[in-house]
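Please read this briefing alongside the sequence and the model. The notes begin with the overall picture and then turn to particular parts.

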Amino acid sequence: MRRPDHRPGDARPALLLDADGTLFPSEEPAFEASTRVTNAFLRELGSTEQWTPDELRQRAVGRNFRSLATDLARDAGRTPRDVGLEAWVAREQEVVTTHLAATLRPDPEVTAAVRRLARHWRLAVVSSSALARLDACFRVTGLADLLPPESRYSAQDSLPVPTSKPDPAVYTAAVAALGVPPAAALAVEDAASGVTSAAAAGIPVVGILAFVPPAERSRRAADLVAAGARTVGKDWELVEAAAAVAHLAALHALTEDVGGIADRAPALARWSPVSTGGVPR
Ligand SMILES: [Mg+2]
């Protein structure tokens with residue numbers, strides 16, 4: 001994995017943001033488009049099952065198509081190679097990316113929150129989705145400047161062997177590339193598989209429910225806590241408050257890692273939890 005230039009004196013811990021369902025409401029439109037390809041794949045496997053987008057979502061939230069299709073092929077007694085998995089993965093990615101680029105829109109609340117968080121954290125994206133799909137989503141949601149391509153880590157494209165959350169590999173690779181210990185990072189995740197992935201990499205996690213359908217929120221919150229989330233916020237404002245609380249511990253871990261607090265003091269001063277009630281403005 002590429003390793004971005006280390007910036008000496010950058011006193012900020014790393015905030016690792018999940019993308020789908022966390023920064024934009026892509027899960028529902030992605031599953032609408034993915035269902036068409038998944039059902040064609042099921043027919044290819046000889047299955048008589050055909051899923052609705054909601055059935056697919058219940059089975060696959062937080063996982064990528066590669067992971068799901070590999071399991072489906074295995075259940076049908078086939079190998080990824082003899083079902084032509086790579087071609088199916090490419091087809092699904094193209095169909096979903098095209099649909100997301102046509103349906104997602106900027107969300108001013110998310111943009112403002114991410115902009116505020118960037119004052120105190122080095123931002124990165126940690127996702128199971130492919131980089132091409134992420135790029136389309138960040139462009140149409142207006143987040144590409146805040147979260148540019150060099151800050152994105154994909155379980156599909158950034159690792160020697162493609163994988164998917166809940167495998168912790170993508171989080172482990174992201175903190176290694178950023179040069180921070182896991183305890184000097186904080187992950188934000190909307191799905192249990194993502195929380196499991198980050199927690200298994202030793203990274204504290206805050207859950208977010210901003211784009212979870214209201215009827216599913218209490219169940220999702222319980223799932224996120226059970227998977228290892230330290231706390232769960234129903235919106236970005238509460239995630240910012242949780243991040244403010246987590247920031248000092250992350251900063252401490254960063255100073256422990258490099259030794260000495262002298263050049264970190266300005267960052268402690270910049271974050272002013274007392275005057276803002278813990279929420280940076
Ligand atoms: Mg997600």
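This is a predicted model: local features need pLDDT of at least 70, side-chain atom pairs count only at pLDDT 80 or more; totals for chains, interfaces and linings use all residues.

Residues are numbered from 1 along each chain as its sequence is written. The protein chain holds 12 helices and six strands, these being DSSP runs numbered from the N terminus, with helices (H or I) of at least four residues and strands (E) of at least two. Of its 281 residues, 46% count as buried; a residue is buried if 20 or more other C-beta atoms, placed from the backbone, lie within 10 Å of its own, exposed if 12 or fewer do, and partly exposed in between.

**Contacts and cores**

- Among contacts in the protein chain between residues at least 6 apart in sequence, 71% join residues at least 24 apart, where two residues are in contact if their C-beta atoms, placed from the backbone, lie within 7 Å.
- The largest nonpolar core has 69 residues, and those that touch the most other members are Ala14, Leu16, Tyr171, Ala174, Ala185, Ala187 and Ile203; such a core is a set of buried Ala, Val, Leu, Ile, Met, Phe, Trp, Tyr and Cys residues joined through C-beta atoms within 7 Å.
- Helix 10 (residues 236-258) supplies the largest share of this core, eight residues.
- This core lies between domain 1 (14-26 + 106-276) and domain 2 (27-103), because both give residues to it; the domain bounds come from an automatic or database domain assignment.
- A second, separate core has eight residues, among them Phe41, Ala69, Leu72 and Ala73.
- Leaving aside neighbours within four places in sequence, Tyr171 is in contact with Leu16, Val126, Ala187, Ser197, Ala198, Ala201 and Ile203.

**Two helix pairs**

- The axes of helix 1 (residues 27-44) and helix 2 (residues 53-60) come within 8 Å and cross at roughly 105°, the axes being lines fitted to C-alpha atoms, for helices over the stretch in contact, with angles running from 0 to 180 degrees between N-to-C directions.
- The contact of helix 1 with helix 2 has three nonpolar, three polar and three charged residues, where Ala, Val, Leu, Ile, Met, Phe, Trp, Tyr, Cys and Pro count as nonpolar, Asp, Glu, Lys and Arg as charged, and the others, Gly among them, as polar.
- Helix 4 (residues 85-103) and helix 6 (residues 131-140) pack at an angle of about 5° with their axes 9 Å apart, and they are therefore roughly parallel to each other.
- From helix 4, Gln93, Val96, Thr97, Leu100 and Ala101 meet Ala132, Arg133, Ala136, Cys137 and Val140 of helix 6, a contact made up by class of seven nonpolar, two polar and one charged residues.
- The buried residues of helix 6, namely Arg133, Leu134, Ala136, Cys137 and Phe138, pack against helix 4, strand 2 and strand 3.

**Helix 8 and its surroundings**

- Helix 8 (residues 192-200) is largely enclosed by the rest of the structure, because eight of its nine residues are buried.
- The buried residues of helix 8 pack against strand 1 (14-17), helix 7, strand 4 (185-189), strand 5 (205-208) and helix 9 (217-227).

**Two alanines**

- Ala124 lies in strand 2 (residues 122-127) and is buried, with 22 other C-beta atoms within 10 Å.
- Beyond its neighbours within four places in sequence, Ala124 is in contact with Ala14, Leu16, Ser151, Tyr153, Ala174 and Leu178.
- Ala169, found in helix 7, is partly exposed, with 19 other C-beta atoms within 10 Å.

**Backbone details**

- Most residues other than glycine have a negative phi, and most peptide bonds are trans.
- A cis peptide bond, with omega about 15°, joins Lys165 and Pro166, and Pro166 is found in the loop between strand 3 (152-154) and helix 7 (169-178).
- Gly202, which follows helix 8, has a positive phi near 85°, and Gly142, which follows helix 6, has a positive phi near 75°.

Key: Angles under 35 degrees count as roughly parallel, over 145 as roughly antiparallel, 65 to 115 as roughly perpendicular and the rest as oblique.
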